[in-house]
Amino acid sequence: MTRVSILDGNTFLVSDERGDIEPSFDFPTGLFSFDTRFVSTWILSLDGQRLHPLSIDDSQSYGTRFFLVPGEPTHYLDAKVSVLRSRSIGGSFGEELTVLNHAGQEQEFNLRLDIGADFADVFEIKHQRQKKGRTTPGTGTNELRLVYRRENLHRETVISTSAPGDIDEGGMTFRIRVGPHGEWTTRLQVTTIIYGARGEDIRTTLPLGGHRTAAAIQAEQNELIERAPKLGCDCQPLAGAYRRSLNDLAALRYESIALGVRLLAAGLPWFMTLFGRDSIFTSLQVLPFLPELVPPTILMLAGLQGSRVDDFRDEEPGKILHELRYGETAGFLEQPHSPYYGSADSTALFVILLDEYERWTGDTTLIRQLEHETRAALSWIDTYGDLLGTGYVWYMTRNPETGLQNQCWKDSWNSVSYADGRLPAFPRATCELQGYAYDAKLRGARLARTFWNDPAYADQLEREAAALKERFNRDFWIPEKEYYALALDPEGRHVDALSSNIGHLLWSGIVDESRAAAVARHLLGPRLFSGWGVRTLADDQGRYNPIGYHVGTVWPFDNSFIAWGLMRYGFREEAGRICDAMLSASRYFEGRLPEAFAGYERDLTDYPVQYPTACSPQAWSSGTPLLLLRVMLGLEPQGEHLIIDPALPEGMGRVEVLDIPGRWGRVDALGRSRSPHDESRGH
């Protein structure tokens, strides 16, 4: 079944292709805000018949129009009535219902809207848990009010109608008469209320107040998009993906209750909140194009940095959070997400982002402001991060009941395995964690020497990074297989599955030059590369599944950083093949790359197969075309200069990016791909 979504930050609505919402544990349809489902039933019928779509206009992220008719498809040809549903979202949700009479005489109709609210927390939907509070419906003049209470927690959904109707505890019925070729309309308004301790909606204190019109949303999104560099190119998939990415990134911004700043939510529907890892990777992707989106994320992560040992939340001093939630289960400590710190990579990635941000923007004020937090993050790598005292970053949750088992980016339970499919014991040290730690130490050294006036600390970090690189290339390399182990197990043995993680090693720079070519061959070889992208797991491994979440699917974000790593080591053609594959795949998703898609061979399907529950839009997938564009144009900051060294895939044609912001002012990047008969490149 097709799902249709509209969103304004982390307030969003997901329905079926009719515009209806029915309770489901398989995929969260409904109206959500700050991790609570405020509408779980929204079913429209005409004279007792469900409606079916003729056409859907979902071109705007914040609004959709459904053209519907009653009855079975065989009756569509002679339909005497149709219904138009026009909806928009902006903190609250509005829907206009219009009944169109196509007959030459007056007709009477019973229009029914079934309404319900289960006030489910997103974790209660994912894990199929029953509510512990109580919902009480109440009716008023043209209004239905649904009230949920559990101890001091209080949520409400209020639905009002502009036309008179019969209101009951389960919905609204409109008994209407429509003249010949006439129409009838009502406007429904859904208001969601999250009561705080003082008896008012806690979102009213935010700068935007929690409620906006569609026109205001459109104006703000357009303003952000207009500030982005202008892309001109001969490649239509690239142009379409770039524009769609900007639109989705603008729509995914939400206001944090904690600080009242605009942050990027990670992805619809499951991850509409701040994540450490996801937010950092997305910030790295968008930095050359929309640098203003990055400081709020950096400041929020720094402000919520771990300060104590808390087993329930996997919190440790200096550690950067994994996930921040606002819902009922976090509030009642049934989930540790208030916030939760269960990721072993976000702390090193935080240091990497801070340094990369300064390289692009020259914002030294933020670097100096966050010296303490950056030092604390670097300290975590060598203390709490090194569980076994071996000089590597390991992970094992402190909270075996509700904590995450795997705390790398592939955080599903079966994502880290030996080649034969067995699962290693804990703690685990995945390879990319060591790459991030290496990169963080080198970048931390630059910050210490250049901005903190601490050359001794810089020297120390550089020595530690060099020792880590030497140690890593000795302990993780599998000579007989010519690739790096996915991880080390607690005994120091190789967890020897061939996975996409080795591509992140290239991005981090920890790979010895002598071994980089072998890594590149594996990444673009038939075991890992499907033709549409690099799989998360090679197709001859024990746990390989082309539609397994982290064990064979293709993740666009993963591929964008692999391409960046290949480019760093000079594998321009290989990087270009990944860029070309991703952009080709984007055509089949209307320019919007999803969270993941299936790892089937390109020769088998001729199109990328959808992953059934992939988030879309998802922030780091939306950021993927931007990072790919950076790779293809060879954009790299170097002091007061921007290096532009195009390496476009063959057949890409002309690519022009105008008005790239940065410390050097605004510059343009021009490139043209090579033809088989022309080795020259435009600059």
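Select His322, in the loop between α5 and α6. The model is predicted. His322 has a relative accessibility of 3% and counts as buried.

**The loop between α5 and α6: Glu316**

Arg398 sits in the loop between α9 (371-382) and β20 (429-430), Glu316 in the loop between α5 (294-303) and α6 (328-331), so the pair ties together parts 82 residues apart in sequence. Compare the two ends. Glu316 is buried, at a relative accessible area of 6%. Arg398 is partly exposed, at 31%.

**Between α6 and α7**

Go on to Leu333, in the loop between α6 and α7. Check its backbone. Phi of Leu333 is near 60°, a positive value in a residue other than glycine. Most residues other than glycine have a negative phi, and most peptide bonds are trans. Leu333 is partly exposed, with 47% relative accessibility.

Pro339 lies in this loop between α6 and α7 too. The peptide bond into Pro339 from Ser338 is cis, with omega near 0°.

**Helix α7**

Select residues 346-361, helix α7. How far apart are its end C-alpha atoms? They are 22 Å apart, which agrees with the 22 Å that 16 residues should span at 1.5 Å a residue. Colour the helix by accessibility. Of its 16 residues, 14 are buried, so α7 is largely enclosed by the rest of the structure. Gly362 follows α7, and its phi is positive, near 75°.

Move to helix α2, residues 214-227. Pick Glu223 and Arg227. They are four residues apart, about one turn of the helix. An α-helix has 3.6 residues a turn, so residues three or four places apart point the same way. The side chains of Arg227 and Glu223 meet in a salt bridge, 3.5 Å from N to O. Arg227 is partly exposed, with a relative accessible area of 34%. Glu223 is partly exposed as well, at 49%.

Next select helix α3, residues 236-251. Its 16 residues should span 22 Å at 1.5 Å a residue; the end C-alpha atoms are 23 Å apart, which agrees. Show the buried residues of α3. They are Leu238, Ala241, Tyr242, Ser245, Leu246, Asp248, Leu249, Ala250 and Ala251.

**A cavity**

There are two cavities of 30 Å³ or more. Which residues line the second largest cavity? Select Asn10, Phe12, Phe32, Phe34, Asp35, Val122, Pro269, Trp270, Met272 and Arg325. This lining divides into seven nonpolar residues, one polar and two charged.

**Asn142**

Find Asn142, in the loop between β11 (134-140) and β12 (143-150). Asn142 is not a glycine, yet its phi is positive, about 55°. Its relative accessible area is 23%, so Asn142 counts as partly exposed.

Select Ala598, in the loop between α15 (572-586) and α16 (602-605). Is Ala598 buried or exposed? Ala598 is buried, at 1% relative accessibility. Ala598 and Asn545 are 53 residues apart in sequence, but 8.8 Å apart in space, C-alpha to C-alpha. Not counting residues up to four places away in sequence, Ala598 touches Pro546, Ile547, Thr553, Val554, Val609 and Tyr611.

Go on to Pro617, in the loop between α16 and α17 (619-622). A cis peptide bond joins Ser616 to Pro617, with omega about 0°.

**Salt bridges to finish**

The salt bridges come to 64. Select Arg654 and Glu656. Their side chains meet in a salt bridge, 3.5 Å from N to O. Arg654 is partly exposed, with a relative accessible area of 23%. Glu656 is partly exposed at 27%.

For the last stop, select a network. Salt bridges that share partners join Asp355, Glu356, Glu358, Arg359, Asp439, Arg443, Arg446, Arg630, Glu636, Glu640 and Arg663.

Notes: Residues are numbered from 1 along each chain as its sequence is written. This is a predicted model: local features need pLDDT of at least 70, side-chain atom pairs count only at pLDDT 80 or more; totals for chains, interfaces and linings use all residues. Side-chain values use heavy atoms; hydrogens and water are left out. A salt bridge is a side-chain nitrogen of Lys or Arg within 4 Å of a carboxyl oxygen of Asp or Glu. Helices (H or I, at least four residues) and strands (E, at least two) are DSSP runs, numbered from the N terminus. Buried means under 20% relative accessible area, exposed over 50%, partly exposed in between (1.4 Å probe, protein chains only). The expected span of a helix is 1.5 Å times one less than its number of residues. On a 1 Å grid over the protein atoms alone, a cavity is a set of points where a 1.4 Å probe fits but cannot get out, and a pocket is an open set with protein on both sides within 12 Å along at least five of seven lines; lining residues have an atom within 4 Å of a point. Grid points are joined across faces, edges and corners, and a volume is the space filled by probe spheres set on the points. Ala, Val, Leu, Ile, Met, Phe, Trp, Tyr, Cys and Pro count as nonpolar, Asp, Glu, Lys and Arg as charged, and the others, Gly among them, as polar. Contact means heavy atoms within 4.5 Å.
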